[in-house]
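Please open the model in a viewer and keep the sequence panel at hand.

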Amino acid sequence: MKTPTEQNIQGLTPSGTVSLTETFVAGAGAGSGSLAFNGRTYRFQLIGSVLGPGGADRITASGEVYKLTKVADFPGRYTQSSGSAGLSQSGEGQLWLENGAGVIMHLYSTSSGVLLSLGKEEIFIRLSD
């Protein structure tokens, strides 16, 4: 799956908004967040992985969700292929993630810590009960 870009959402109105917090240790992450969609808030859990040896990092992100027509399409596996391996250090950035249903998240993130990546990240989202 190709990483979505600004061109994929050009002219689209956001379907909703999302915020999340995730902590990575040794390449594996876990966290939680919330989706605001159609006047309701949906809580979710997430687990993630970074291809590479990892490190320790805490990411807080929020942004827009696009191409979401029903909440059932939100959970699942989201991927981003940044294409570049390297050392990620504390700071701000952007994440573009897409799942198999075509839902796109454009997140603005803040991280604290150090993470070594081979350029591919993925998260799995499950709606909370």
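Which residues have the most contacts inside the largest nonpolar core? The model is a predicted one, and in it that core has 19 residues. Those with the most contacts inside the core are Leu35, Phe44, Val65, Phe74, Tyr78, Met105 and Ile125. Select these seven names and show their side chains. Then colour the strands that contribute to the core: β1, β2 (28-37), β3, β4, β7 (104-117) and β8 each supply at least two of its residues.

**The whole chain**

Return to the cartoon view of the protein chain, which comes to one helix and eight strands. Followed from the N terminus, the elements run α-β-β-β-β-β-β-β-β. A surface view of the protein chain exposes about 6,900 Å², of which carbon and sulfur atoms supply 52%. Of the chain's 129 residues, 40% count as buried. Contacts may be considered next: among those between residues at least 6 apart in sequence, 71% join residues at least 24 apart.

**The aromatic cluster**

Select Phe44, Phe74 and Tyr78, which ring pairs link into a cluster. The count of aromatic pairs comes to two. How are the rings of Phe44 and Phe74 arranged? Their centres are 5.3 Å apart and their planes stand at 65°; because planes over 60 degrees apart count as edge-to-face, the pair is assigned to that class. Phe44 lies in strand β3 (residues 40-50), whereas Phe74 lies in the loop between β4 (54-66) and β5 (76-81), so this pair ties together parts that are 30 residues apart in sequence.

Keep Phe74 selected and turn to Tyr78. The rings of Phe74 and Tyr78 have their centres 6.0 Å apart and their planes at 55°, so this pair is tilted.

Are these side chains buried or exposed? Phe44 and Phe74 are both buried. For Phe74 the relative accessible area is 0%, and Tyr78 is buried with a relative accessible area of 0% as well.

**Ile125 in strand β8**

Select Ile125 next, in strand β8 (residues 120-127). Ile125 counts as buried because its relative accessibility, 5%, is under 20%. Which residues does Ile125 touch, leaving out those up to four places away in sequence? The list consists of Phe44, Gln45, Leu46, Phe74, Pro75, Gly76, Tyr78 and Met105.

**Thr21 in strand β1**

For the last stop, select Thr21, which lies in strand β1 (residues 16-25). How exposed is Thr21? Its relative accessible area is 25%, so Thr21 falls between the limits of 20% and 50% and counts as partly exposed. Show its contacts beyond the neighbours within four places in sequence: these are Ala30, Gly31, Ser32, Arg58, Ile59 and Thr60. One of them, Arg58, is 37 residues from Thr21 along the chain, and the C-alpha atoms of the two are separated by 7.3 Å.

Note on methods
Residues are numbered from 1 along each chain as its sequence is written. This is a predicted model: local features need pLDDT of at least 70, side-chain atom pairs count only at pLDDT 80 or more; totals for chains, interfaces and linings use all residues. Side-chain values use heavy atoms; hydrogens and water are left out. Rings of Phe, Tyr and Trp (its six-membered ring) pair if their centres lie within 6.5 Å; planes under 30 degrees apart count as stacked, over 60 as edge-to-face and the rest as tilted. Helices (H or I, at least four residues) and strands (E, at least two) are DSSP runs, numbered from the N terminus. Buried means under 20% relative accessible area, exposed over 50%, partly exposed in between (1.4 Å probe, protein chains only). Contact means heavy atoms within 4.5 Å. Accessible areas come from the Shrake-Rupley method with a 1.4 Å probe; for residues, only the protein chains shown count as cover. A nonpolar core is a set of buried Ala, Val, Leu, Ile, Met, Phe, Trp, Tyr and Cys residues joined through side-chain atoms within 4.5 Å.
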